[in-house]
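Reader: Can you walk me through this one? I'd like to start with the helices and then get to the ligands.

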Amino acid sequence: MELKSASKMKIGFISSEIYPFSKTGGLADVAFALGKYLAINGHDIRLITPLYSSIDTKRYPLKRLKEITEVNLWFGSQKYSFTVYIGLIPQSKAMIYFIHCPVLYDRGALYTNDPDEHIRFGLLNRAALELCQKLQWSPDIFHLNDWQTGLLPVYLKTIYNWDRLFDQCRTVMTIHNIGYQGRFKAHVINDLSLSEYHQWFDSSDLYHGHLNFLRTGLLHADKITTVSETYAREIQTADFGEGLQDILQGRAQDLVGILNGVDYETWNPQTDPWISKKYSINRLKDKKENKKFLVERLGLSYSKNTPLIGMVTRLAGQKGIELLDGGLQRLFAEHDVQLIILGSGEQHFERVLYQLQLSYPRQMVFYRGYDTELSHQIEAGADIFLMPSKYEPCGLNQIYSLKYGTVPVVRKTGGLADTVDLYDWKTQKGTGFVFEHFSIKGMYWALDYAINTFKYPEIWKKIMKQAMNKDFSWQKQIKHYENLFESIIQE
Ligand code: ADP
Ligand code: GLC
């Protein structure tokens, strides 16, 4: 269909995390950027998210939305009350509504295994609709993100169906990661005040005693997106679909892959305030200062000719950490190479990495934790960026790496496959090193290829430049969302 150029739309964007307020991974960056760039393009985008107690309200002052007094909601026999605070996405006019419900959001982490986890995010969905009612604001599109927002289409079509305000509202559900689905015991349907509406849930799930937030969202959203074209294909297969492949195959006409973009105002070596020396494609020698700063900051010794590999990652099964145990022993035995890993997450992976660090204290540093400044310094300082993911819906770090001339070594899956091109010695084209098989052998092949190529500075410089010249900006990617939203509104 031929689309007219984007007219101004009203978009209610619901997300369980938004950078810089709350973040565990890429969803927060995407929420920030979509908010920022849709607002810049003139759309009335309003984001809705929990006011977690971890949000630094001294650094990011929020204002109480006075028009809305306390709202009471019943979940089963339990009453919850919330108020609303407002803030802005930095560098933009995109408004964020923070749902303040301390009894649910004052916890040690954004996500928990607490027995009321379903209510924590069930409430987020209902609070979004209540808020729209109070403001008498009816979005053209509710843009929903991951399992935490999966119940909104059902609430919209059941409990809130009476309200004509929502008659024209359409829903788009974006899958950032199908590995997290929000699976609960079926009896939580009572807590969610949806027991009268069990026909809206997957009957086989309920029969087997489950209720799945993401599956429910995918069944009822008007359109489904995910964050790369390859992942859109992958999740329709048994290997990647995590049990949801059948419903995604059934809805293939409504499913589209839109690659994430990058906010080059945040991730740009020419302007990055966190790195030790700014650099550009024309001043690549300044990148070396960042390498020296980084290795010395973390207690390694600097050598220009020793390739430095960086990783910044959640330590989760998805990220291929298991390949390091086995892969690194061989790597350190056969190559003069250094490795810096910044990450936190599952304890057994942390133990493996500590163990490796003990065995190779001069080659490797494992920095356990979550540290935004250090993540920028690794992007700027490393020569090679490693992402050996088992699956990767999009992946942002490899795209940041391209811009920083930090050549990515990635597995060919999801967004990694769509953003990094294997360097070819014959044609001299390519932006990184890509392996296909999820195995130590596969990863070693790509690292070995990269490290051997690094020995040829002129060739390496060429790869760096090819990488830095790639444009994965949100300015480009945002149009795909605008076109999709418009097409839904016109349907
Ligand atoms: P995912 O969302 O699966 O974790 P992405 O590559 O899409 O993967 O996004 C990860 C984001 O989180 C990036 O912005 C990355 O810099 C950041 N990140 C991940 N782990 C850390 C960490 N330990 N410290 C700082 N930033 C991190
Ligand atoms: C998820 C995915 C990651 C993606 C991010 C933002 O957490 O694991 O690949 O880049 O969401 O869409």
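Author: Helix α13 (residues 372–381) is largely enclosed by the rest of the structure, because 8 of its 10 residues are buried. Buried means under 20% relative accessible area, exposed over 50% and partly exposed in between, with a 1.4 Å probe and protein chains only. Helices (H or I, at least four residues) and strands (E, at least two) are DSSP runs, numbered from the N terminus.

Reader: Before I go on, what kind of model is this, and how are things numbered?

Author: This is a predicted model, in which local features need pLDDT of at least 70 and side-chain atom pairs count only at pLDDT 80 or more, while totals for chains, interfaces and linings use all residues. Residues are numbered from 1 along each chain as its sequence is written, chains are lettered from A and ligands numbered from 1 in the order in which they are written, and side-chain values use heavy atoms, with hydrogens and water left out.

Reader: Fine. Which residues of α13 are buried?

Author: They are L374, S375, H376, Q377, I378, E379, A380 and G381.

Reader: And what covers them?

Author: The cover includes the helices α10 (285–297) and α14 (397–403), along with β13 (308–315), β14 (338–345), β15 (364–368) and β16 (384–387). Contact here means heavy atoms within 4.5 Å.

Reader: What caps the N-terminal end of α13?

Author: D371 does, with a side-chain oxygen 3.2 Å from the backbone nitrogen of E373. A polar contact is a pair of N or O atoms within 3.5 Å; within protein, one must be able to donate a hydrogen and the other to accept it, and residues adjacent in sequence count only if both atoms are side-chain atoms.

Reader: On to ligand 1. How many residues surround it?

Author: Ligand 1 has 20 residues around it, and the closest are G26, D29, R314, K319 and G369. A residue counts as near if one of its heavy atoms lies within 4 Å.

Reader: Which polar atoms does ligand 1 meet?

Author: One of its oxygen atoms is 2.6 Å from a polar backbone atom of G26. An N or O atom in the side chain of K319 is 2.8 Å from an oxygen of ligand 1, and a polar side-chain atom of N397 lies 3.3 Å from an oxygen of the ligand. Taken alone, ligand 1 exposes 560 Å², and the protein buries 94% of that. Those areas come from the Shrake-Rupley method with a 1.4 Å probe; for residues, only the protein chains shown count as cover.

Reader: Which element gives the largest share of that shell?

Author: β13, with 3 residues.

Reader: Now ligand 2. Which residues are closest?

Author: H176, N260, Q318, E392 and G395 are the closest of the 14 residues that surround ligand 2. A polar side-chain atom of E392 lies 2.5 Å from a ligand oxygen, and one of H176 lies 2.7 Å from an oxygen of ligand 2. A polar backbone atom of G395 is 2.8 Å from an oxygen of ligand 2. The protein buries 93% of the 310 Å² that ligand 2 exposes when taken alone.

Reader: Last topic. How many disulfides?

Author: A search of the whole structure finds 0 disulfides, a disulfide being a pair of cysteine sulfur atoms within 2.5 Å.
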